[in-house]
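Here are my notes on this one, for you to read with the coordinates open.

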Amino acid sequence: MTIKPTIYTAADLETSVELSYDETYDAIMDGEVDAEHGMMSWGSNYTFLVTISHNEDKFLGIYKPRMGERPLWDFPDGTLCQRETASFVLSEMLCWYLVPPTILRDGPRGMGSVQAFINHDPNEHYFTFQQNPDLPELEPQLQRMAVFDAIGNNADRKGGHCLLDEGGHIWGIDHGLTFHPASKLRTVIWDYAGKAIPDDIMAEIQSLCTKLDDSQNPHTQQLIELINRSEFAALKTRIDRLIQSGTFPMPGAGPNRPWPAV
């Protein structure tokens, strides 16, 4: 189990802010969202840099409204923001805290996902971590990220979707293409493929199974509301297979890496 990390975010484009994990979550849940910074220039869907204000806290967030989602042939329309939020809920259930606090809520342009912005060096990403002198300390986080993507069936784990904050915590972002019932795992994290999953991670996966079987668990109830019945069943099947194999997944047939890689 991972201790809840500090959130290293920013009050504006120049001022850094440190908040507790729970303070950040509460602010995103109940705070005011202002899209004063406008739309971000990259990505195929509308993504806004926003200011979140709650009590004395003020920090940046990432807002992805449902109305700005580009239709896809293989994912139901208008569900990407739900998948962003479901990925956060899955991270919470595992107690891995790999996804910044993310809430599905109303915003300046309607319903969408609102996520805490993580201060990071954009030149640091998955492919540069291999040269990081702290790699031995980072590796358990990367192993969990690999398992997390396999469980969530992430079809788009680019290297640039792994952010390293100033406290040494790795965050995963951009989880709109997740939880499809058909196998769609595309990731750059294949370093552990075929190797045995460490015992502590296996114990955490088995604990997740227990939670998902409990219909009264609040997180389980959230997932059921965010993804459909077939997607929830497929999630449990992927977890069962991972437990049975005891190993990190191997690349399957067809495309198994996203493009571009970063």
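**Notes on the model**

1. Alanine 155 lies in the loop between α4 and β8 (162-164). Its relative accessible area is 8%, so alanine 155 is buried (buried is under 20% relative accessible area, exposed over 50%, partly exposed in between, with a 1.4 Å probe and protein chains only). For a sense of distance, threonine 51 is 104 residues away from alanine 155 along the chain, and their C-alpha atoms are separated by 29 Å.

2. Some ground rules before going on. This is a predicted model, where local features need pLDDT of at least 70 and side-chain atom pairs count only at pLDDT 80 or more, while totals for chains, interfaces and linings use all residues. Residues are numbered from 1 along each chain as its sequence is written, and side-chain values use heavy atoms, with hydrogens and water left out.

3. Helix α4 (residues 135-152) has 18 residues and should span 26 Å at 1.5 Å a residue; its end C-alpha atoms are 25 Å apart, which agrees. The expected span is 1.5 Å times one less than the number of residues. Helices (H or I, at least four residues) and strands (E, at least two) are DSSP runs, numbered from the N terminus. Of the 18 residues of α4, 14 are buried, so the helix is mostly covered. Just after α4, asparagine 153 takes a positive phi of about 60 degrees.

4. What does arginine 144 contact, leaving aside its neighbours within four places in sequence? The partners are Thr2, Trp96, Leu98, Asp200, Ile201 and Glu204. Arginine 144 sits in helix α4 and counts as buried, at 10% relative accessibility.

5. Now the whole chain. There are seven helices and nine strands. Along the principal axes, the C-alpha atoms fill a box of roughly 50 × 45 × 35 Å.

6. Of the 262 residues, 54% count as buried. Among contacts with a separation of 6 or more, residues 24 or more positions apart account for 69%.

Conventions: Contact means heavy atoms within 4.5 Å.
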